[in-house]
Amino acid sequence: MRTILITGQGGSGRTTVAAAMGLEAAREGSRTLVLSADRVDSLGAVLGVATGAEPVRVTSHLTAWRPDAAAGFRVDLVAFQERAASVLDLLGAGRLDAEELTPLPGAEELALLRALRDAALSEAYDLLVVDLPPVPQALALLGLPEELRRYLRRLLPPERQAARALRPVLGRLAGVPMPAEWLYETAARWDVELAAVAAVVEDPRTSVRLVVEPGPAGADHVRLASVGLALRALPVDMLIANRVLPEGTHDTWLAGLVAQQRKALEEWEEGPSTREARPVRAVAHLGHDPRGVDDLAALGIPGAGDAPARVAWPVTDNLGDEGVLVWHIPLPGAVRDELDLVRRGDELVVTAGQFRRIVPLPSALRRCTVDGAALRDGSLRIRFAPDPRLWPRTR
């Protein structure tokens, strides 16, 4: 299944672009699902068909779905209360009924991740179009499965599950009860579910489309997004410049906006690597908010197309010349003063501006010490020197 993640600038028309692209792909014959996490039905408004907790058919090949975060939250919390009944009774805690539960902040995003997993596992679609929040929130959401799996491995290491028969003895020796069996089972189930979501995000057929309005704010957002997406190794297959005004207007105020948009478009289209790595598609302003399939078709948003190659983080062997291995991490648009690196055991904490990611070191680098780092031509190059205590000796 091909997956396209739609994100970009706040208020730039991301939902409209997601709906229009899904419609075009469906017209090309792809079984397409458009997913949205909005609490209000903005997706249904642009499609002209109300969307909600169950997938709804828009056309013969297009389906729209806006998962119900409240329902999923109630089910999960009620199930947790049932599994933790003995602990809650010991504490004298009162139970919460499903009817009195309201979703917490972030429940919509979690519901979207679960729907993303379910859609991928169903094999009912050829294309999945995901309407995401603006870039900072979208990247935090997409990185959540990876981070939660890391937390679970630290808090409940899988290798500890092998000592099930020893837990009562260990509990008496330690003087405290050992974690119950259901806790490990729940952690294992969560790990499987999170791995399924992470697999969709990391799949070679998954890419990102950025939606921005051309102008100074849009240009700043593109630079910001480039760093964050590169840190997640997510390829951008298209930059969509939305709501482009027509040229030739005689209105002084509009002429200024047109010139501002034209300048931004030229910078994006004539960049040194734009044509190869990030095609730019200008989408004209219709003069009104698009509503219904006819307006969406008039936008001319392209279908899915082929997924670009995933961003590689190669390790080069310079042991013969310099005595080091070099890890190359592409970070286009990154600023040296906003970069920070911390080695934690077999992991590297990379901070670029407001974005941060903890990544495991490739196996060869785990037996090395960090020898320095430099940012050149949009690529972070980290030097690793073999640790004599761990590196195999040669005669």
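This is a short tour of the model, stop by stop, with what to select at each one.

**Before you start**

You are looking at a predicted model, where local features need pLDDT of at least 70, side-chain atom pairs count only at pLDDT 80 or more, and totals for chains, interfaces and linings use all residues. Residues are numbered from 1 along each chain as its sequence is written, and side-chain values use heavy atoms, with hydrogens and water left out.

**Stop 1: the whole chain**

Colour everything by pLDDT, the predictor's confidence in each residue, from 0 to 100. The protein averages 84, and 81% of the residues score at least 70. Now select 169-178: pLDDT stays under 50 there, and the model gives this stretch five contacts beyond four places in sequence (a contact means heavy atoms within 4.5 Å).

Switch to cartoon and you get twelve helices and 15 strands. Both are DSSP runs numbered from the N terminus: H or I over at least four residues for helices, E over at least two for strands. Of the 395 residues, 43% are buried, that is, under 20% relative accessible area with a 1.4 Å probe, counting protein chains only. Among contacts between residues at least 6 apart in sequence, 69% join residues at least 24 apart.

**Stop 2: the eight-stranded sheet**

Select the strands in the order β3-β4-β2-β5-β1-β6-β7-β8; they make an open sheet with mixed pairing. Two strands pair if DSSP finds at least two bridges between them. At the edges sit β3 (56-57) and β8 (280-284), each pairing on one side only.

Zoom in on β6 (206-212) and β7 (236-244), which run parallel and are joined by five bridges. Pick V208 and you'll find its bridge partner in β7 is V236.

Next, show helix α1 (14-27). It lies across β1 (2-8), β2 (32-36), β4 (62-65), β5 (127-131), β6 and β7, at about 170 degrees to β5. For such angles, axes are lines fitted to C-alpha atoms, for helices over the stretch in contact, and the values run from 0 to 180 degrees between N-to-C directions.

**Stop 3: the cores**

Show side chains for L35, L132, L229, W268, W327 and L331: of the 59 residues in the largest nonpolar core, these touch the most other members. Such a core is a set of buried Ala, Val, Leu, Ile, Met, Phe, Trp, Tyr and Cys residues joined through side-chain atoms within 4.5 Å. Helix α9 (216-231) supplies the largest share, seven residues. Apart from this core lies another, of 27 residues, including I6, V17, A19 and A25.

**Stop 4: the three-stranded sheet**

Here the order is β11-β12-β13, open and antiparallel. β11 (339-344) and β13 (355-360) are the edges; each has a single partner strand, so one side of each is left without a neighbour in the sheet. Neighbouring strands are turned by 15 degrees against each other on average, direction ignored.

Six bridges link β11 to β12 (347-352); click D340 and look across to T351, its bridge partner in β12.

**Last stop: a hairpin**

Select β9 (315-318) and β10 (324-330), antiparallel and joined by four bridges. D317 stands opposite L325 in β10. Between the strands are five residues, and G323 takes a positive phi near 75 degrees.

Key. Buried < 20%, exposed > 50% of the residue type's maximum accessible area, 1.4 Å probe, protein only.
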